[in-house]
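Here are my comments on the model you sent over.

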Amino acid sequence: MDFFFSSPFGSMLPFLLFLLVCSFLLTGYYVTYARQKGFFDIPNDRSSHQVPTPRGGGVGFVALFLMGVLCFFFIYPAERPLWLALGGGGIIVASVGWLDDRWNLPARWRLSAHFLAVAFALACLGGYPSLTWGTWTIPLRFWGTPLALVGGVWLINLFNFMDGVDGLAASEAVLVSLGAALVVLKNKSCVPLAFILLVLSAVVLGFLLLNWHPAKVFMGDVASGFLGYVFVVFVVFSEQINVLPFSSWLLLLSLFVADATFTLVSRMLRREILFHAHREHAYQVMVRSGKSHAVVTSAFVFMNVFLLVLVALLDGKGVLSILPIFWFCVLFSIWFMVRKSDQRLLKKPER
């Protein structure tokens with residue numbers, strides 16, 4: 001890890017610690033403000049928590065991250081398409097998320113804003129003409145941009161779907177951004193990209209200190225959708241500059257992608273209304289079966305650390321061409337067993 005602590009990378013550490021502290025303090029201030037104004041997430045029959053908790057607390061780390069993007073816009077002018085994509089689309093997604101936290105916007109309004117934001121990012125970054133899968137480059141031509149548009153909107157929404165247990169979405173964001181940054185730093189291929197990934201990890205970690213179980217605040221749609229969006233931008237940009245292959249991103253994000261996607265497909269097959277709230281994700285089933293939020297989130301953290309190390313070790317190796325397929329088969333098996341155990345639990349007679 002000498003490359004991380006040596007100049008210029010080591011010079012980022014004080015700045016990252018400063019951002020972490022600022023994020024923690026801003027989140028703490030927001031908790032006080034939200035309690036005074038009555039901005040609470042009230043538990044219902046589909047909630048995984050029992051106590052009214054301030055929501056929208058992620059607005060603090062969103063603001064800090066956007067300030068970092070603005071600074072980098074002037075410090076690293078060569079990457080201005082990246083900064084424009086992160087800032088412009090990020091403001092759109094965060095704004096509609098904040099409005100939704102306050103007034104529960106119709107799904108069509110949220111989706112329209114998400115499509116607009118991802119389309120803006122793709123316009124800034126030049127579309128998505130190819131996909132890197134391990135050591136293979138797959139030309140997508142005309143279909144690349146529409147596929148990236150739909151996939152980007154899905155990633156925004158799946159982060160929202162998976163933000164239902166204390167610390168889960170925040171810890172995912174911290175570890176995924178940190179893992180991607182370490183790979184980029186190791187390759188010394190795009191220092192500004194690594195720096196902004198580290199900034200994201202630091203500001204979300206500051207929030208996570210108050211979001212860990214028992215959570216004093218929830219991030220809300222203002223931040224969960226925002227996190228999904230910035231990862232969309234990172235995936236597209238790293239593909240454009242050939243830094244981190246799509247297969248690596250898929251592994252890093254696999255826990256959220258798998259749980260959200262398998263659950264969505266399951267509900268589609270049962271012809272359920274997709275945008276109705278529910279408690280069918282594997283992580284929700286685990287909580288409903290009696291496991292604490294801390295246990296569930298810790299299990300996700302443990303697997304994410306494993307994936308982080310795996311991606312860092314296998315960066316650029318041919319095994320990345322087949323590993324994601326094998327790994328998603330493993331995740332489907334775990335998801336299926338968790339869901340089956342839930343069905344047995346529901347059928348168990350009361351005593």
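1. **Ground rules.** This is a predicted model, so local features need pLDDT of at least 70 and side-chain atom pairs count only at pLDDT 80 or more, while totals for chains, interfaces and linings use all residues. Residues are numbered from 1 along each chain as its sequence is written, and side-chain values use heavy atoms, with hydrogens and water left out.

2. **Overall fold.** The protein has 14 helices and 4 strands; these are DSSP runs numbered from the N terminus, with helices being H or I of at least four residues and strands E of at least two. Its radius of gyration is 20 Å, close to the 20 Å that the globule rule gives for 351 residues, so the protein is as compact as a globular protein of that length. (The radius is taken over C-alpha atoms, and the rule is 2.2 Å times the number of residues to the power 0.38.) Along the principal axes, the C-alpha trace spans about 65 × 50 × 40 Å. Buried residues account for 54% of the 351, where buried means under 20% relative accessible area, exposed over 50%, and partly exposed in between (1.4 Å probe, protein chains only).

3. **Helix 8.** This one covers residues 191-211, and its end C-alpha atoms sit 30 Å apart, in agreement with the 30 Å that its 21 residues should span at 1.5 Å a residue. (The expected span is 1.5 Å times one less than the number of residues.) Of those 21 residues, 18 are buried, so helix 8 is largely enclosed by the rest of the structure.

4. **Helix 9.** Residues 221-240 give a 20-residue helix that reaches 29 Å from first C-alpha to last, close to the expected 28 Å. Here 19 of the 20 residues are buried, so helix 9 is also largely enclosed by the rest of the structure. Have a look at what follows: N242 comes after helix 9 and has a positive phi, near 60°.

5. **A contact across the sequence.** A169 is in helix 7 (residues 168-187) and counts as buried, at 0% relative accessibility. A169 and F300 are 131 residues apart in sequence, yet their C-alpha atoms are 9.9 Å apart in space.

6. W133 faces W136 of strand 4 across the pair. The two strands form a hairpin with 2 residues between them, and G134 in the turn has a positive phi of about 65°.

7. **A nonpolar patch.** V21, F24, L25, L205 and L209 make up a nonpolar surface patch, with about 420 Å² of accessible area together. Helix 2 (12-37) and helix 8 are the elements that give it two or more residues, and helix 2 has the largest share, with 3. V21 belongs to helix 2 and is partly exposed, at 45% relative accessible area. For the record, patch residues have over 30% relative accessible area and no salt bridge, with like charges joined within 9 Å and nonpolar side chains (Val, Leu, Ile, Met, Phe, Trp, Tyr) within 5 Å; areas come from the Shrake-Rupley method with a 1.4 Å probe, and for residues only the protein chains shown count as cover.

8. **D101 and R55.** The whole structure holds 7 salt bridges, each being a side-chain nitrogen of Lys or Arg within 4 Å of a carboxyl oxygen of Asp or Glu. In one of them, the closest N and O atoms of D101 and R55 are 3.2 Å apart. This pair links distant parts of the chain, 46 residues apart: D101 in helix 4 (residues 80-103) and R55 in the loop between strand 2 (53-54) and helix 3 (59-75). D101 is buried, at 9% relative accessible area.

9. R270 is partly exposed, at 37%, whereas E280 is buried, at 17%. E280 also forms a salt bridge with R339, with closest N and O atoms 3.8 Å apart. R339 is in helix 14 (residues 323-347), so this pair ties together parts that are 59 residues apart in sequence.

Notes. Pairing = 2+ DSSP bridges.
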